[in-house]
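Good morning, everyone. Let me walk you through one model, chain by chain. Please have a look at it first.

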Amino acid sequence: MCGPAHLGPAVTVSMTGSAQAIDVSNLHKRFGPLEVLKGVSLSARQGDVVAIIGGSGSGKSTFLRCINMLELPSAGTVSIHGETIDMKKDRHGGLMPANRRQVQRLRSRLGMVFQTFNLWQHMTVLQNVIEVPVHVLRQPRDQAIEVAEALLRRVGLFEKRDAYPAFLSGGQQQRAAIARALAIQPLVMLFDEPTSALDPELVGEVLAVIGDLAREKRTMILVTHEMKFARDVASHVVFLHNGIIEEEGPPDAIFGAPKSERLRKFISSIH
Amino acid sequence: MSDGLSGLPLYVPPKPRSLLEPHRLLLMAVFAGIILCAILFMRWDWLPTYGPRLLYGVWQTLVMLFWTASIGFLLAVPIGLVQVTGPRPLAWLARIFCTIIRGTPLLLQLWLLYYGLGSVFAQYPELRSSFLWPTLRQAWPYGFTALMISFAAYEGEVMRGAFAGVPRGELEAARAFGMSRWTAFRRIWLPRALHRALPTLAGETVLQLKSTPLVATITVIDVYAVISKVRQDTYLTYEPLLLLALIYLCLTAVLVVVFRYLESRIPTREA
C-alpha cells in the first residue's frame, strides 16, 4: 500500500480530543434589504459531523459559504481551529477580510464540495486532485500524485484518473470533487448540498463515500436535503429557518422528537 | 420487429467512406487534368528566376504573421480581461479601442500609420538624428504595428467572451481552495478561456494571414509583393496569381493542422 499515513485524520489533535474545529458566532448576512442570516452561531469540535437542514431560502448554503468567506458576512465572527478571521469594515458598511493571505491560508485547509461539482474542466481527474496540493500547498508533485491516486482508489475512480470531467457521470464527478477536497488534508470538510444536482440513481454512490468519511471521524459540515442520511451520519443537526437556528440537537432528538412546529412540518413535508 | 422500437427506423451506422468511390475518382481525375493543363499549357519559365525571391517573400509573410499574431494576442489577453473584471475606466478604454479598430478598414489604418505618422515623424530633426530613425524610416514597422493592433482588437473581443464564458463555479472552486488571484488566473481562468477560444482563434489567425498582403501597399516585400513584381516583369497574369493562391492555401492548411493539434490536446465533449 502506498502512503496510508497521508489518509489518516488530517490533523493530530494537539490539546484534547475535543478541540474547536469551527466556531461561528452571531453571523449576519444581508443582500441589500434582504437579511438572509439573522445571527447564526455554530461551533463544531474535531470529529463532529454537523448536518444543516432547512427549506430553500432558509440561508443554509449562505451560512456554509460564509465559513470560508465565499460570501462575506455582514457581521459576526468565524474561527477555524481557534484562529479568528480578521475582518474590517468595507465602504458599504459590511465586512471584508482584513488580511487576504490569512483567508487564503485558511481556505486551503477547508475542503469544499459544491452542489455542481465545479471540477476544472480543462484538467483530468488526477490533475484536478493534485492541483491545490502542488500549486497552493507547494507539495512535491510525486508525493501529491501518490496521495491523489490513493484517494481516487478510495472513492472508486482510480481507473478514471486520466479522464476529463466532461466524460464522467455526475456521481463520478462528485466523487472526484470529494477526492480533490480530501487531497488538501482538510481540517474541516464543507459539503454544500453535494447530492442535489445528481440523478436519483447516482445519489447513493456519493452518500456512501461521505458516510465513510463521517465514520472515520472527519470533521464535516454538511448542508443537505437527505434527511435519512443526515440522521444516520450526523452527530449534530441544525435546523435553519428564515436565517435563524430554529432548533438544534442530536439527530434522534431532531428527527424523533422535534419540538418546534416548523421543524415538525418541515420533516413531514420532506418524507 | 422483436424490440419495442418498431416504430423507429433502425439506426444504420454510416459506412466508412473509401477514397475510391466512383464519384471521388471522377473528381480526382478532373482535378488532376486541370493541374496537368496548367503545367503544360501555361508559362512557368519565370519560376527558377524568381524562386529564391518567392521563398524570401513566403518567409517574410510567415514572420509577419507569427509576430503580429503573437504580440497581438499578448495584448488581447489584458484587453479582454479588463472588460470582464474592470476597473471601469480601463474597461471603457479597451472597449473604445476595440470599437475603433474593428470599425475601420485595416488598409486605412495602415496608410494612416505609414503616410500619416511616418511623415509626422520625418518632421522632427531630433527623431531623424536619433538611433531610432534607421528603423522608423523603413516601412515594415508601420505594417507590423497596424497588423498587430488589428489582431489585438479582434482577439481582445474574442478573449472577453472567453473569459466571461468560463463557468463561475470553477473560479469559485479555485478561490475556495485558497488560490490567490494570480494563481487562479494562471492555473484556471486563462487556460480555461484559451481552450474555449481556440477554435475561434484558429479562424482569426487564418484571417490574419490573409490580411498580411496589405503591407505590400506600403512597400513591404512579402510573398504578394514578389508576385506583383513577377506580374510587372513578365506581363503574365494568371500564372503568378494561381501560384500565389496555392501558396496561401498551403499556409492556411499548415495553420489549420497546428490549431487542430492544439485543440485535440484537451478533448471536449459535444453537449
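**Two chains, one model**

Let me begin with one residue in a loop. A:Q185 has 18 C-beta neighbours inside 10 Å, so it counts as partly exposed. On that scale a residue is buried with 20 or more other C-beta atoms within 10 Å of its own, exposed with 12 or fewer, and partly exposed in between; the C-beta atoms are placed from the backbone. A:Q185 is found in the loop between α5 (170–182) and β9 (188–192) of chain A. Its phi is positive, about 50°, although A:Q185 is not a glycine.

Some ground rules. This is a predicted model: local features need pLDDT of at least 70, side-chain atom pairs count only at pLDDT 80 or more, and totals for chains, interfaces and linings use all residues. Residues are numbered from 1 along each chain as its sequence is written, while chains are lettered from A and ligands numbered from 1 in the order in which they are written.

Is A:R138 buried or exposed? A:R138 counts as exposed, because it has 8 C-beta neighbours inside 10 Å. It lies in the loop between α3 and α4 (141–154) of chain A. A:R138 is not a glycine either, and its phi is positive, near 60°.

Now chain A as a whole. It has nine helices and 12 strands. These are DSSP runs, numbered from the N terminus: helices are H or I with at least four residues, strands are E with at least two. The radius of gyration of chain A is 18 Å, close to the 18 Å from the globule rule for 271 residues, so chain A is as compact as a globular protein of that length. That radius is taken over C-alpha atoms, and the rule is 2.2 Å times the number of residues to the power 0.38. Along the principal axes, the C-alpha atoms fill a box of roughly 50 × 45 × 40 Å. Of the 271 residues of chain A, 46% count as buried.

Next, the sheets. Strands of a sheet pair through backbone hydrogen bonds, either parallel or antiparallel. Here, two strands pair if DSSP finds at least two bridges between them.

One open sheet of chain A has six strands, in the order β8-β9-β10-β3-β11-β12, with mixed pairing.

Five bridges join β1 (residues 20–31) to β4 (residues 75–80) of chain A. One pair is A:S25 with A:T77 in β4(A).

On to chain B. How many helices and strands does chain B have? It comes to 11 helices and zero strands. The C-alpha trace of chain B spans about 85 × 60 × 25 Å along its principal axes. Buried residues make up 27% of its 271 residues.

Last, where the chains meet. 21 residues of chain A are in contact with 20 residues of chain B. Contact means C-beta atoms, placed from the backbone, within 7 Å. On the side of chain A that touches chain B, α2 (100–107) and α3 (125–135) of chain A each supply at least two residues.

Notes:
Contact = placed C-beta atoms within 7 Å.
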